[in-house]
Amino acid sequence: MKRILTVLVMGMSMQMAIAQDSGHEGMHHGKREGGRMKGIELTEAQKVKIDALRKEHKAEMMAILTPEQRQQLEKQKAERSMKRHKMSGARMEKMKTQLNLSADQSAKMEQLNKDFKSRADLIKANETLAQEEQRKQMKALAEEHRSNIKAILSPEQQEIMKRVRKEKGPKKTVK
């Protein structure tokens, strides 16, 4: 019975490690604002402690994996990254068409998106930041990105974008 429980716990831990490594901020409990800690007012010291425990837990889980398993996780991470990159390109093409972007606007949008991604990657990679601080920085970056996009678009294009987003449903935000 102990073996079964141990295997189950290890399996669940592996799933959590994979989810944390997935890069889908907000798609798993630990990274989503309002996840398991929703409604619980934590002190700054508690938040720091929880962050430290998460990082320690992740390191322990990764230490359990064989080099081949870690390599497999990295491969999966790279595949997800490629898939997101393709989807991003498809969204950009759709936006160009829907908003009837000029070549200049299109180039500016692509540069904005590249800058946003590189800055977001830096924030995510900064392990000295607590999760809450990363979240705040990502929100500020996303808000800056939205205002920069707005500055590129004409008022008519902004209205089209609002309408398209409204039709699409609830907006996914940076957590």
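At what angle do helix 4 (residues 103-125) and helix 5 (residues 131-152) pack, and how far apart are their axes? The angle is about 175 degrees, and the axes are 10 Å apart. Here an axis is a line fitted to C-alpha atoms, for helices over the stretch in contact, and angles run from 0 to 180 degrees between N-to-C directions. On the helix 4 side, the contact (heavy atoms within 4.5 Å) is made by Gln105, Lys108, Met109, Leu112, Asn113, Phe116, Arg119, Ala120, Ile123 and Lys124. Helix 5 brings Gln134, Gln137, Met138, Leu141, Ala142, Glu144, His145, Asn148, Ile149 and Ile152 to the contact. Sorted by type, the residues of this contact come to 10 nonpolar, 6 polar and 4 charged. In that count, Ala, Val, Leu, Ile, Met, Phe, Trp, Tyr, Cys and Pro are nonpolar, Asp, Glu, Lys and Arg are charged, and the others, Gly among them, are polar.

Before going on, a word about the model. It is a predicted one, in which local features need pLDDT of at least 70 and side-chain atom pairs count only at pLDDT 80 or more, whereas totals for chains, interfaces and linings use all residues. Residues are numbered from 1 along each chain as its sequence is written, and side-chain values use heavy atoms, with hydrogens and water left out.

Of the 175 residues in the chain, 21% are buried, meaning under 20% relative accessible area; exposed is over 50% and partly exposed in between (1.4 Å probe, protein chains only). Among contacts with a separation of 6 or more, 64% join residues 24 or more positions apart.

Salt bridges come next, and a search of the whole structure finds 10 of them. The term stands for a side-chain nitrogen of Lys or Arg within 4 Å of a carboxyl oxygen of Asp or Glu. One of them links Glu144 with Arg119, whose closest N and O atoms are 2.9 Å apart. Glu144 sits in helix 5 and Arg119 in helix 4, so this pair ties together parts that are 25 residues apart in sequence. Glu144 is partly exposed at a relative accessible area of 32%, and Arg119 is partly exposed too, at 38%.

Other bridges stay inside one helix. Glu143 pairs with Arg146, the closest N and O atoms being 3.0 Å apart, and the two are 3 residues apart in helix 5, or about one helical turn. Glu143 is partly exposed, with a relative accessible area of 45%, and Arg146 is partly exposed with 28%. There is also a network, in which salt bridges that share partners join Lys47, Glu132 and Arg135. Over in helix 3, Lys96 bridges to Glu93 with the closest N and O atoms 3.1 Å apart; these two are also 3 residues apart, about one turn of the helix. Glu93 is partly exposed, at 45% relative accessible area.

What about a charge without such a partner? Asp51, in helix 2 (residues 44-64), is buried yet has no salt bridge. The nearest side chain of opposite charge belongs to Arg54, 4.0 Å away; Lys and Arg count as positive and Asp and Glu as negative, with His and the chain ends not counted. Leaving out residues up to four places away in sequence, Asp51 touches Leu129, Ala130 and Gln131.

Two more residues deserve a glance. Asn100, in the loop between helix 3 (67-99) and helix 4, has a positive phi of about 55 degrees although it is not a glycine. Asn100 is exposed, with a relative accessible area of 63%. Lys117, in helix 4, is partly exposed at 47%. From C-alpha to C-alpha, Lys117 and Leu141 are 9.9 Å apart in space, and 24 residues separate them in sequence.

Conventions:
Helices (H or I, at least four residues) and strands (E, at least two) are DSSP runs, numbered from the N terminus.
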